Every structure is written in structure tokens, then in C-alpha cells.
Amino acid sequence: MDPQISRRRFLQIGATSSSIGLAGCNSWAASQGDGTKRTASGSTTSSNESASNPDAVDVRGAIYIPSRAFNRYQMWREYDPAVIERDLGYAASLNLNAIRTWLSYEFWLEDRDAHEERLEHFLETAEAYGLRVLLGLFDSIGEEPTFENLYDTGLLTGVQTFSPSTRTMLDKQLWDTPREFIRWFMTRYGSDERLLAIELSNEPGWRKSSRKFVEAMAKVLTLYRGSVPLTMGSTSLANNAEYLDWGMDILQFHYNFVKKPSLFRRVLQQAALTKVQQESQVWLSEWQRVRPGDGFFADVTGEARYPDYASLAPLIHKANVGNFFWSLMLRPASELHFRRQGVVNGLFHEDGAVWNLDDARAIKAMSGDPSFDGTERKEYPQWMAAMESSTVPVTGPRPR
């Protein structure tokens, strides 16, 4: 690389060379504004594990939201310790060592003590299973967090909600409370070893209003920085170039639906260059399957409605990219556009059966052990049965 090209410029050039973005590496070292060097592996793998399993991917994770929670508010408001302990046990059975999930600013506004108590249980449970947590504070994807949307549990109407509300993001006079939320969290958990990283927000690049808000919140987050690295959920490295300027340490990118494996291989090859040139950890923090169609919101039918992690897991494994698949638990698709076409995501049924044994084995193989003896059940759970008849593509207004 030309030494005159800045780190930021390199990311912009690299990202624009592919319509998807880049991924992957297993160690990072990011220079901080005070001239010091912050270093961490971002790994949950001990040196002994790495030595005994040289084939193991360093960060092996899943995105986690309980099966029946349609948004983060519902996850924390209806928090059930037994469900969390059961589900994270399923993650451990795959030899995963990381979980990506989010807090709920809206539930914190309602009852911060309860949120902290439930978060403590979640982190304690994750630690007991050898899982470290990539924990998000805000989310820029979904629908407005109105009372109706936060509480709606209808199978074909319940929605993911962004956070905070548009009114809050657009009015700077309302930013004191979100800043307090960040201070509350960072003073308690900014150096918590149970955390793999702290994610300020998920995909703020989609909305102009959220970008200005998140940039302002980044100043608070970095002011209270502890030892846990900071990151931003991002769809591309082009966005990450800006996030580095905001003080983020770890780069993320999302590639949920791959049109063909050859394109994905090229993306992973680009990741190797990013690893060498940037010395920054890059995680593929959302991925699902090979799926036909033009673009993220392409209509889907037939087998494309179902999980197929085995279509991508071996490529990620070979490239040795830290990653989080969407999602640990079998759930209705987060986007109503997909849900009304019968799309389901995830691996584990609530009783521990898996949708696809090949998927479970391909994911577990990232630990160096492909063995998984479980029950396969490629069936909609009874509570999701109404989705099965929704097989006709529904083209209409798209989210985001």
C-alpha cells in the first residue's frame, strides 16, 4: 500500500472495490488519539485451546434474541432466566465462544434497576458457558419504538424497533438522557472482562438522523472508554472509515445473503489484505446463507425461505474469519417483508432440536470439531405455523 494513503482512505478504496465490503482477521491493534497503542486479541480462545485446535476460528459466535421476542424491549421486559440459561447452553453445545445481542434503551427508561439485574444474570450465564458478549447499546434498524410496536407480539405484525425514537434523535435537547444511559453502562461495564466488545449502535449508516445522533453519542462512549474495545454494527467498510474517526476500535461488516459462493470467496480474500494493512480486528457480525435474488429484500420462495448455514460456514471457516451467524434460536424473520413470505431464521428449536443437522455440524466445525449428534426437525414450530402458508412473494414498500 502507498504509505501516503491514509488508513481511512484505504478502507474507502477497499470497500468500493466490492459492493459488499471486507471481512476478517484475528488480532487487532488500534492507535488511540492520545498516541498510545491499544492492543487486544478480541478473542475468547485461550492459548491452550489455540494450540490444541489450530483449525479453530478465533471468534465463533451467534446473534441472540429469544425465539418469541420480536424486539429488544420484549427480550428484557419479559426476561426469563430459565430461557436464557437453556438457550446459551445450546450455544455452548456448538463450541461457540461469543454471543452478539443488545440492551434496550426503552426498557432502561422504564426500569433501569431491573435492566441491570437482568443484564448481570445474562453476563453471568454467558461466562458460565464460556461465552463472551458483543453487547450493543442502540439500534438504527427497524420500526419506530412506539408503545404499539414495542408491545406487539403478533406473529405477522410484531416488529423489530430502532432505538432511540426519531423524536429523540432529531432534538438535541433530548440527548442528555441517552448520554446518561451510556454513562450508566460504561461506568459499570466499560472494563468488564465478560464483554468481547461494546457496540454503540447497529447500522447507523442507513438513516441520516441516526448518524448525527450516533456521532454525538460516540463522543460520550469514548470519553468513558475502559479496557473493552469499542465497535459499530456496519454493513460495509466504507462506513467503518468514518467510525474509526469516531474512535471505534474493531471493524464489523454484515453479509446476510450471498448471491453466489465465488463472490463471497473474493470478499474473504479482501479480508486478508485488511488484516495485514489495517492491523484491526474485522468481524463478519451478520451472515446467513447463499440465496438467489437481487439485493437484500429480494422476494424468496421454496427452500430459500429456510436456514442454510452450511452453504457459507465452510468458506468462513477456511478464511478463519471471526463471525456471528443470524441467529442462534429459530425465529420468524425480523423483517415483515420476509416473514410474510414464510421466512424463518436460526438453528435451534426451543426444545433443543435443530432445523438442519448439516448446519449445526458446519458451524461447530469452526471449533475444530464437526461432530454434532442431535435431532433434526425441518418444521415450523406450532406457534409459527401460520407462516407456513405465506409462500407467495409480497412485493411492496421496503423497510429502512
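# Exercises on a predicted model

At 3% relative accessibility, N202 counts as buried (under 20% relative accessible area; exposed is over 50%, partly exposed in between, with a 1.4 Å probe and protein chains only). This is a predicted model, where local features need pLDDT of at least 70, side-chain atom pairs count only at pLDDT 80 or more, and totals for chains, interfaces and linings use all residues. Residues are numbered from 1 along each chain as its sequence is written, and side-chain values use heavy atoms, with hydrogens and water left out.

## Exercise 1

**Solution.** 
- Step 1: find the element. Helices (H or I, at least four residues) and strands (E, at least two) are DSSP runs, numbered from the N terminus.
- Step 2: list the contacts (heavy atoms within 4.5 Å).
- Step 3: look for a polar contact. The side chains of N202 and D139 are joined by one of 3.1 Å. The term means a pair of N or O atoms within 3.5 Å; within protein, one must be able to donate a hydrogen and the other to accept it, and residues adjacent in sequence count only if both atoms are side-chain atoms.

## Exercise 2

Work out the strand order of the open sheet, then follow β5 within it.

**Solution.** 
- Step 1: recall the rule. Strands of a sheet pair through backbone hydrogen bonds, either parallel or antiparallel. Here, two strands pair if DSSP finds at least two bridges between them.
- Step 2: write the order. Eight strands run β7-β6-β5-β4-β3-β10-β9-β8, with parallel pairing. The edges are β7 (230–233) and β8 (251–258), each pairing on one side only.
- Step 3: take one side of β5. Strand β4 (residues 98–102) joins β5 through five bridges, in parallel. T101 stands opposite L135 of β5.
- Step 4: take the other partner. Six bridges pair β5 with strand β6 (residues 195–202), again parallel. V133 has L195 of β6 as its bridge partner.

## Exercise 3

Describe how helices α9 and α10 pack.

**Solution.** 
- Step 1: Two packed helices are described by the angle between their axes and the distance between the axes.
- Step 2: apply them. The axes of α9 (residues 176–189) and α10 (residues 208–223) come within 10 Å and cross at roughly 35°. Axes are lines fitted to C-alpha atoms, for helices over the stretch in contact, and angles run from 0 to 180 degrees between N-to-C directions.
- Step 3: name the residues. α9 brings P178, R179, I182, R183 and M186, while α10 brings F213, M217, V220 and L221.

## Exercise 4

Is helix α15 largely enclosed or open, and what covers its buried residues?

**Solution.** 
- Step 1: count. Six of the eight residues of α15 (residues 357–364) are buried, so the helix is largely enclosed by the rest of the structure.
- Step 2: name them. They are L357, D359, A360, A362, I363 and K364.
- Step 3: find the cover. It includes α4 (81–93), β9 (282–290), α13 (313–319) and β10 (323–325).
- Step 4: check the start of α15. There, a side-chain oxygen of N356 reaches to within 2.8 Å of the backbone nitrogen of D358.
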